[in-house]
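This report examines selected features of one protein chain. Please study the sequence and the structure shown below before reading on.

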Amino acid sequence: MLTFTSYTVEDVKDPFGILSGKRYEFMINLDIPEEDELYEENGVSVRAVVKAEAGEAVLVTYDLLETTTGRLLEFDLEDEEEAELAQFCKEHLPE
């Protein structure tokens, strides 16, 4: 189970108007226990892009990052963790 500690969300601009719906970029800090394989001493964050259209929100992509350096981590979330991330983003979309 993922523990979300803080987040920011920004509207991703589409200057050419070629994408349908709206895109949002989430930066989410996670609390990862030391015994978890995702644990990093400098913290772990997720950069997630969500597409919102016609009342639906879909997780488009995400990256796991070391929080202090921004270094890309070579891990993927498990299916249930990815579903938790998608649900968190859906619940925290800007109005």
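How many aromatic pairs does the count come to? The count comes to three, where rings of Phe, Tyr and Trp (its six-membered ring) pair if their centres lie within 6.5 Å.

## Basis of the report

The model is predicted: local features need pLDDT of at least 70 and side-chain atom pairs count only at pLDDT 80 or more, while totals for chains, interfaces and linings use all residues. Residues are numbered from 1 along each chain as its sequence is written, and side-chain values use heavy atoms, leaving out hydrogens and water.

## Aromatic pairs

F4 and F88 form a stacked pair (planes under 30 degrees apart), with 4.2 Å centre to centre and 20 degrees between the planes. F4 belongs to strand 1 (residues 4–12) and F88 to helix 1, so the pair ties together parts that are 84 residues apart in sequence. Helices (H or I, at least four residues) and strands (E, at least two) are DSSP runs, numbered from the N terminus.

Y7 and F88 form an edge-to-face pair (planes over 60 degrees apart), with 5.3 Å centre to centre and 90 degrees between the planes. Ring pairs link F4, Y7, F26 and F88 into a cluster.

## Strands 3 and 4

Strand 3 and strand 4 run antiparallel and are joined by ten bridges; two strands pair if DSSP finds at least two bridges between them. R47 has D63 in strand 4 as its bridge partner. The two strands form a hairpin with two residues between them, and A54 in the turn has a positive phi of about 55 degrees.
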